[in-house]
Amino acid sequence: MHFRVALCDDSPEDIVTLSNQITKYGKKYDIHFDIEHFDSGAALVQTHHKNPFNIIFLDIEMPAQSGITTARHLRNEGNDDVFIIFVTSYPEYMRDSFEVQPFQFITKPVSTSVISKLFASIMHKYTKSHTSRVILDDQGTGRVTVINDILYIKTSNSDNSMLEYVLTNYTFTGKGILQTWEKELTPSGFFSPRRGYLVNIRHVVSFTKTQVNMSNGESIPVSRRRYTQLQRLFANRIIRSLN
């Protein structure tokens, strides 16, 4: 497994301690953590837009922008899949953090046992939510793919017999009919914003009347007649993330 992890704290000492504990856990269970450090919420959000994180540790008490404000920015932009963990020396902030659906709230100093229990819970939930798979054609080879890893699918030739599959970390082309995939993947939260495209609504971070902005920074055109449906699907996804 490979996870992108962000540590956001204005204390360099706390970041080093937490980073070492996470790395130690990863080595023990053969999990690769790509860890990045931030001393401000604004810098974290900016990087997340370009290359999303799977797990984010946020110190609540930070200058300029609190951890709760940073988490609110992320949730308001539709990042309901990211695991947000608040880390603080002040347990009284726990109640205020509930509105942004943190996965867990831990207090400093963070012990090795706490990190072990935390990541055991994260791995359990992640595995449970990423088990649905499909087989996609990759130049004649069947590629077993987790559905949630698909950002979008689009036709790539004039007779619509070839498709381009854009995943979170890989892009390839293969044989396929978009209408067939639309029928199969619509129950899993996929939507066609215009002819020739099928997008995973879970990876939509924002949209306008003319385009959908995906989690990898790409934009996909939206037809005028499908805009209302897109609004409804996106709103339903946000509502589900709050329940």
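In what order do the strands of the open sheet lie, and is their pairing parallel or antiparallel? The order is S13-S14-S15, and the pairing in this open sheet of three strands is antiparallel. The structure is a predicted model. This briefing covers that sheet, another pair of strands, and a proline in a loop.

**The open sheet**

- Strands of a sheet pair through backbone hydrogen bonds, either parallel or antiparallel.
- In the sheet with the order S13-S14-S15, the pairing is of the antiparallel kind.
- S13 and S15 are the edge strands, since each of them pairs on one side only.
- From one strand to the next, the twist averages 30°.

**S13 with S14**

- Strand S13 covers residues 204-207 and strand S14 covers residues 211-214.
- Three bridges hold the pairing of S13 and S14, which is antiparallel.
- Opposite Phe207 stands Val212, a residue of S14.
- The two strands S13 and S14 form a hairpin, with three residues between them.

**S14 with S15**

- Strand S15 is made up of residues 219-221, and its pairing with S14 is antiparallel, over three bridges.
- Val212 has Ile220 as its bridge partner in S15.

**S9 with S10**

- Strand S9 (residues 162-167) pairs with strand S10 (residues 171-175) in the antiparallel sense.
- Five bridges link S9 and S10.
- One of the residues involved is Val166, whose bridge partner in S10 is Thr171.
- S9 is joined to S10 by a hairpin that runs through three residues.

**Pro102 in its loop**

- Pro102 lies in the loop between helix H4 (94-97) and strand S5 (104-107).
- Is Pro102 buried or exposed? Pro102 counts as buried because its relative accessibility is 19%, and the cut-off for buried is under 20%.
- Pro102 and Phe86 are 16 residues apart in sequence.
- In space, the distance between Pro102 and Phe86 is 7.0 Å, taken from C-alpha to C-alpha.

Technical notes
Residues are numbered from 1 along each chain as its sequence is written. This is a predicted model: local features need pLDDT of at least 70, side-chain atom pairs count only at pLDDT 80 or more; totals for chains, interfaces and linings use all residues. Side-chain values use heavy atoms; hydrogens and water are left out. Two strands pair if DSSP finds at least two bridges between them. Helices (H or I, at least four residues) and strands (E, at least two) are DSSP runs, numbered from the N terminus. Buried means under 20% relative accessible area, exposed over 50%, partly exposed in between (1.4 Å probe, protein chains only). Axes are lines fitted to C-alpha atoms, for helices over the stretch in contact, and angles run from 0 to 180 degrees between N-to-C directions.
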